[in-house]
Amino acid sequence: MGAGALRVGGFTAFTATDFPGKLAAAVFIQGCPWRCGYCHNPHLQPRRRGPHSWADVMALLVRRAGLLDGVVFSGGEPTMDPALPFAMAAVRQMGLAVGLHTACIYPRRLKELLPLVDWVGFDIKAPFDAYQRVTGVAGSGEPARACLEMIVESGVAHECRTTLHPALLSEAEVEGLATTLADAGVRNYAIQTFRAQGCADAGLNATAGAVMSAAALQRIGARFETFVLRPA
Ligand code: SF4
């Protein structure tokens with residue numbers, strides 16, 4: 001297998017917000033086994049062949065040589081794709097940095113990928129025992145728990161981020177999760193407020209409401225070196 005087998009669901013030529021400190025291209029991998037109601041990319045969930053190819057991405061990277069610092073792989077769930085390490089290696093060979101957005105579904109694959117990655121954005125859904133409420137999949141908190149430890153121990157730069165919808169997570173649960181993360185050694189955390197745009201779940205769109213209290217946000221922020229509240 002090589003990078004040519006990567007299932008590319010989409011890509012953007014330029015993002016200044018998805019890979020901290022880098023001007024990057026973003027590559028969206030096709031496929032995700034979870035079914036979060038707030039998913040902004042439900043078209044990327046089926047593990048089918050994507051509308052683009054790795055050759056399309058490479059052509060872009062060659063065209064934009066000298067203008068980009070890196071490539072961030074997103075999804076879908078990029079670690080689902082067995083061709084991802086080859087694509088990451090190709091990006092590194094071009095002298096570009098590699099970023100990874102992951103929900104941490106496949107710990108063994110993540111372990112193989114971490115040496116190829118310069119930064120990880122870990123989309124941590126909920127306290128581990130409440131994962132199913134968000135992902136729709138029983139036991140989904142366990143791989144996430146394993147990956148958290150792995151990411152922190154790896155020393156790879158990372159940020160944990162949690163999307164907050166009041167029907168899915170309570171303020172107390174988010175505070176508890178933040179405490180778990182800080183105690184595990186995470187230094188950078190973001191809470192992303194639910195955004196209806198792109199969300200196919202009518203129930204969630206109808207019940208989106210207030211974010212957390214200012215006091216709770218302040219308590220959470222005090223636990224991290226960096227903390228931001230931003231739209232998902
Ligand atoms: S893990 Fe990410 S890509 Fe998969 S369903 Fe949830 S939000 Fe969508």
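Student: Which residue stands opposite Ser-74 in S3?

Tutor: Strand labels come first: strands (E, at least two residues) and helices (H or I, at least four) are DSSP runs, numbered from the N terminus. In S3, Ser-74 has Phe-28 opposite it. This is a predicted model, where local features need pLDDT of at least 70, side-chain atom pairs count only at pLDDT 80 or more, and totals for chains, interfaces and linings use all residues. Residues are numbered from 1 along each chain as its sequence is written, and side-chain values use heavy atoms, leaving out hydrogens and water.

Student: In what sense do S2 and S3 pair?

Tutor: Two strands pair if DSSP finds at least two bridges between them. Here S2 (residues 24-29) runs parallel to S3, with five bridges.

Student: How many residues of S3 are buried?

Tutor: A residue is buried under 20% relative accessible area, exposed over 50%, and partly exposed in between, with a 1.4 Å probe and protein chains only. In S3 (residues 70-74), five of the five residues are buried. Both faces are covered: Gly-70, Val-72 and Ser-74 lie on one side, Val-71 and Phe-73 on the other.

Student: Which peptide bond is cis?

Tutor: Most peptide bonds are trans, and most residues other than glycine have a negative phi. The bond from Gly-75 to Gly-76 is cis, with omega near 10°. Gly-76 belongs to the loop between S3 and helix H2 (84-93).

Student: What is phi of Cys-104?

Tutor: It is near 60°, a positive value in a residue other than glycine. Cys-104 sits in the loop between strand S4 (97-102) and helix H3 (107-113).

Student: Is Cys-104 buried or exposed?

Tutor: Cys-104 counts as buried because its relative accessibility is 1%.

Student: How many helices and strands are there in the protein?

Tutor: The protein has eight helices and eight strands. Its radius of gyration is 17 Å, close to the 17 Å from the globule rule for 232 residues, so the protein is as compact as a globular protein of that length. The radius is taken over C-alpha atoms, and the rule is 2.2 Å times the number of residues to the power 0.38. The C-alpha trace spans about 50 × 35 × 30 Å along its principal axes.

Student: What percentage of the 232 residues count as buried?

Tutor: The share is 48%.

Student: Which share of contacts between residues at least 6 apart in sequence join residues at least 24 apart?

Tutor: A contact means heavy atoms within 4.5 Å. Among contacts in the protein between residues at least 6 apart in sequence, the share is 71%.
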